[in-house]
Amino acid sequence: MLNEFFGENADNELLKKALTHPSFTKEKGELDSLENYERLEFFGDSVLKLYTSKLLYELYPEYPEGKLSKIRSILVSDYTLHKIALQIGLEKLIILGKAEAKQGGRYRESNLACSLEAILGAYYLSGKGNCVEHFIEKYLLPFAKDIDEHFEKYNAKDVLQQYTQGIDKTLPEYKTISMEGPAHKPIFEIGVYWHGEMLAVCKGSSKKETQQECAYEACKKLGVI
């Protein structure tokens with residue numbers, strides 16, 4: 001699946017590590033990070049930021065550094081990487097410990113995001129830097145354009161927080177109202193409250209994403225957006 005995009009010349013040992021969650025190596029009694037994705041994720045994070053920065057630098061030649069940084073922070077977030085990981089079917093490839101798998105780890109946002117960063121690091125170290133750049137351009141470019149056009153939607157939690165703090169220095173509160181569905185793929189119902197009043201309620205498969213949607217709806221209700 002990954003070779004369809006990157007080609008066949010990846011280092012198989014590196015790729016295996018990039019797909020291996022720490023829970024698997026811990027179950028096997030390997031307590032260091034040499035045989036799982038942690039070291040590659042550390043490196044891949046830098047690779048991702050480098051090529052994402054290049055993409056934005058070329059895409060928006062008129063934007064100042066501050067605006068580019070804000071867009072990049074969303075592009076390289078777990079939220080975006082999780083969506084891309086699901087697009088390429090990474091949840092089917094990641095190697096988990098039994099307990100982590102039972103607890104829904106195959107779809108967990110942080111697990112897929114970290115593994116994707118590690119994969120980018122593995123392919124870069126395999127001499128596939130050009131393919132990594134093309135991958136980032138293909139999958140992150142649509143997100144970059146949407147973030148630029150609808151920045152407040154992606155940044156709604158910060159917008160709402162700045163609004164409430166500007167009025168009386170208080171913060172909005174996010175509460176999980178209910179959780180439905182199987183453990184490996186739950187649906188969360190989340191509400192956002194301010195001074196005890198519910199401003200908005202939304203449902204989604206990711207707590208972070210659903211909170212962001214709640215904040216966006218709350219901002220619209222308050223006339224902030």
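Trainee: What covers the buried residues of helix 4?

Mentor: The cover includes helix 2 (12-18), helix 5 (65-75), helix 6 (78-87), helix 8 (109-125) and helix 9 (129-149). This is a predicted model, where local features need pLDDT of at least 70 and side-chain atom pairs count only at pLDDT 80 or more, while totals for chains, interfaces and linings use all residues. Residues are numbered from 1 along each chain as its sequence is written, and side-chain values use heavy atoms, with hydrogens and water left out.

Trainee: Which residues of helix 4 are the buried ones?

Mentor: They are Leu40, Gly44, Val47, Leu48, Tyr51, Thr52, Leu55 and Leu56. Buried means under 20% relative accessible area, exposed means over 50%, and partly exposed is in between (1.4 Å probe, protein chains only). Helices here are DSSP runs of H or I with at least four residues, strands are runs of E with at least two, and both are numbered from the N terminus.

Trainee: Why is Lys49 called partly exposed?

Mentor: Its relative accessible area is 35%, so it falls between the two cut-offs. Asp45, at 22%, is partly exposed as well.

Trainee: What about Arg108 and Glu100, how do they meet?

Mentor: Their side chains form a salt bridge, at 2.9 Å from N to O. Arg108 is partly exposed at 31%, whereas Glu100 counts as buried because its value is 14%.

Trainee: How many salt bridges does the structure hold?

Mentor: It holds 10. One of them joins Lys153 to Asp146, with the closest N and O atoms 3.4 Å apart. Salt bridges that share partners also join Lys54, Glu58 and Glu133 into one network.

Trainee: Why is Gln211 called buried?

Mentor: Gln211 has a relative accessible area of 18%, so it sits under the cut-off for buried. This residue lies in helix 12 (residues 207-222). Leaving aside neighbours within four places in sequence, Gln211 is in contact (heavy atoms within 4.5 Å) with Lys157, Tyr174 and Ile190.

Trainee: And why does Thr25 count as buried?

Mentor: Thr25, in helix 3 (residues 22-27), has 2% relative accessibility, so it is buried.

Trainee: How do you know that strand 2 and strand 3 pair?

Mentor: Pairing asks for at least two bridges found by DSSP between two strands. Strand 2 (residues 187-194) and strand 3 have seven, in the antiparallel sense, so they qualify. Tyr193 stands opposite Met198 in strand 3. In their hairpin, with two residues between the strands, His195 takes a positive phi near 55°.

Trainee: Where is Val201, and is it buried or partly exposed?

Mentor: Val201 is in strand 3 (residues 197-204), and at 39% relative accessible area it is partly exposed.

Technical notes
Salt bridge = Lys/Arg side-chain N within 4 Å of Asp/Glu carboxyl O.
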